[in-house]
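The sequence and structure come before them.

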Amino acid sequence: MKTDFLVIGAGVMGINVARELKQRFADASVAVIDKENGCGRHSSGRNVGMLDAGFSWPADSLKARFCKEGNEQLSRYCEDRKLALNRCGELVIARDDDELSSLDGVQRRAESNGVELETVTAREAKEIEPRARVHEQALFSPTSAAVDPLAVLQQMEQDARSVGVKFHYGNSYLRKAGDELIATRGTIQAGYVVNCAGLHADRIAQEFGFGTRYRMLPIKHSYLESSEPPGAFRTHITAASELSGSYPGVRIVLGVDGRPRLGPEVKPALWREQYHGAEGFQPFEMSGVVKLGLSQMFQGGKEICRACLQRFRGKAHSRLIAAGSRLAEGISPNDYRDWARPEIQPQLVDTETHRLVADFVVEGDGKSMHVLNTVSPAFTCGLPFARYVCEQIADRIDSGGD
Ligand SMILES: Cc1cc2nc3c(=O)[nH]c(=O)nc-3n(C[C@H](O)[C@H](O)[C@H](O)COP(=O)(O)OP(=O)(O)OC[C@H]3O[C@@H](n4cnc5c(N)ncnc54)[C@H](O)[C@@H]3O)c2cc1C
């Protein structure tokens, strides 16, 4: 294959970067390869589909920069294309006196990110969501919503095809060989390579000499699906104090059909795609994850050690039910028996600071660009984030290299 631009990965990032490139460089050929037999087989098609409003992220982050705009654009996108959108909103609650001060912090962050968040009394909160357990005050985010991520992604893929992007599925990038790329379906000559490979993006970036300070710590998220009918809850519910850590705390998330989920249960996976048990066992990746955990233990990476120790907490079901009962009334274990299919975030560890990388990372030059650490809320951010990646590419090409 010969192409001007080669995008690796048909997730929300790869598809939208490819479409933007084709629109910007109309005469250039743009091809997307993906190792799977269709788009969205990993994070982008499996996530819980929450449209994040953007009040949780530090103002100077790429997440904050793209989340509000991404939420607006994706909501409009769903309405224009007649894709399902549940404008359920989100209640951020205080459960005790300590959490009242967390509400102030969340409100300040929302203000600096320009995100709408209304302060409501406990009585008003109950009118919005009768089952929420609210101590004195809460915040209501009217723009938090829910979509069907796979349906959205398939539409985005159609949009990219319609402007001339070519998709090649079942074709896995294997390695770089000089100026050529070796893939399972043969050699590829690409003028410019854009790496949007999600859980595998760090490995590919390192072959091009980028992202060398990062290592992958794949983090598995699992949610309990409720058998309660749609309408059992009216909004997403989150506790204010749970918004400041490295991981999201337990929350109640509504699907596009209004069906509630409770989670996430968060723990490291032993290899990048360890969705179920020993399926797809990758001994080399497993030894890398174990080595990373051990080396961080000796180098003082407390946050990472804590993350690794989450594997040994046991009794996930009862822990989630207990956490859910602190958010809302009437959470019965009988209604939350089944696990939704798990999802794995491409979480990077910074080996220089010994910390989990909080923000998205984009690195590249005049030959290749690498989109790394696309953790939540990269789906919400997808449209403006993809435009930003294309601007970075255009700048590097215009400046003739570095
Ligand atoms: C539990 C969970 C819930 C989430 N919920 C939300 C949410 O509610 N809202 C939100 O905004 N975000 C959410 N996210 C985050 C969001 O899903 C991801 O950030 C986003 O989908 C990442 O997109 P991506 O395109 O970077 O990666 P992916 O969707 O993983 O795409 C990468 C693609 O690259 C392909 N690939 C990999 N290696 C190769 C190779 N060697 N050759 C060819 N192809 C390759 C893969 O097959 C894959 O299709 C959630 C994440 C998790 C874990």
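**Ligand, cores and backbone**

Me: How far from an oxygen atom of the ligand does a backbone N or O atom of T380 lie?
Reply: The model is predicted, so local features need pLDDT of at least 70 and side-chain atom pairs count only at pLDDT 80 or more, while totals for chains, interfaces and linings use all residues. Residues are numbered from 1 along each chain as its sequence is written, and side-chain values use heavy atoms, with hydrogens and water left out. A polar contact is a pair of N or O atoms within 3.5 Å; within protein, one must be able to donate a hydrogen and the other to accept it, and residues adjacent in sequence count only if both atoms are side-chain atoms. For the backbone N or O atom of T380 and the ligand oxygen, the distance is 2.7 Å.

Me: What share of the ligand's exposed area does the protein bury?
Reply: Accessible areas come from the Shrake-Rupley method with a 1.4 Å probe; for residues, only the protein chains shown count as cover. Taken alone, the ligand exposes 1,000 Å². Of that area the protein buries 98%.

Me: Which elements give two or more residues to the shell around the ligand?
Reply: Elements here are DSSP runs numbered from the N terminus: helices are H or I with at least four residues, strands are E with at least two. Those that give two or more residues to the shell are helix 1 (12–24), strand 2 (30–34), helix 2 (43–46), strand 19 (343–345) and helix 11.

Me: Which residues around the ligand come nearest?
Reply: A residue is near a molecule or strand if one of its heavy atoms lies within 4 Å of it. There are 36 residues around the ligand. Those that come nearest are D34, S44, E343, T374 and T380.

Me: What distance separates a polar side-chain atom of S376 from a nitrogen atom of the ligand?
Reply: S376 is joined to P377 by a cis peptide bond, with omega about 10 degrees. P377 lies in the loop between strand 23 and helix 11. The polar side-chain atom of S376 lies from the ligand nitrogen at 3.4 Å.

Me: Which residues have the most contacts inside the largest nonpolar core?
Reply: A nonpolar core is a set of buried Ala, Val, Leu, Ile, Met, Phe, Trp, Tyr and Cys residues joined through side-chain atoms within 4.5 Å. Buried means under 20% relative accessible area, exposed over 50%, and partly exposed in between (1.4 Å probe, protein chains only). The largest core has 49 residues, and helix 11 (residues 378–398) gives the most to this core, with 10 residues. The residues with the most contacts inside this core are V194, F385 and V389.

Me: Which residues does V389 touch, not counting residues up to four places away in sequence?
Reply: Contact means heavy atoms within 4.5 Å. With residues up to four places away in sequence not counted, V389 touches M13, V17, V194, V362, M369 and V371.

Me: How far apart in space are C196 and M13, C-alpha to C-alpha?
Reply: C196 lies in the loop between strand 12 (186–195) and helix 7 (201–207), and counts as buried at 8% relative accessibility. Among its contacts beyond four places in sequence are V7, M13 and V371. C196 and M13 are 183 residues apart in sequence, and their C-alpha separation is 6.1 Å.

Me: Is S368 buried or exposed?
Reply: S368 lies in strand 23 (residues 368–372). Its side chain makes a polar contact of 2.9 Å with that of H370. Because its relative accessible area is 1%, S368 is buried.

Me: Where is the positive phi of K82 found, and is K82 buried or exposed?
Reply: Most residues other than glycine have a negative phi, and most peptide bonds are trans. K82 is not a glycine, yet its phi is positive, about 60 degrees. K82 sits in the loop between helix 3 (62–80) and strand 4 (85–86). At 75% relative accessibility, K82 counts as exposed.

Me: What is the relative accessible area of H354?
Reply: H354 is a residue other than glycine with a positive phi, near 60 degrees. H354 is found in the loop between strand 20 (348–350) and strand 21 (355–356). H354 is buried, with a relative accessible area of 19%.
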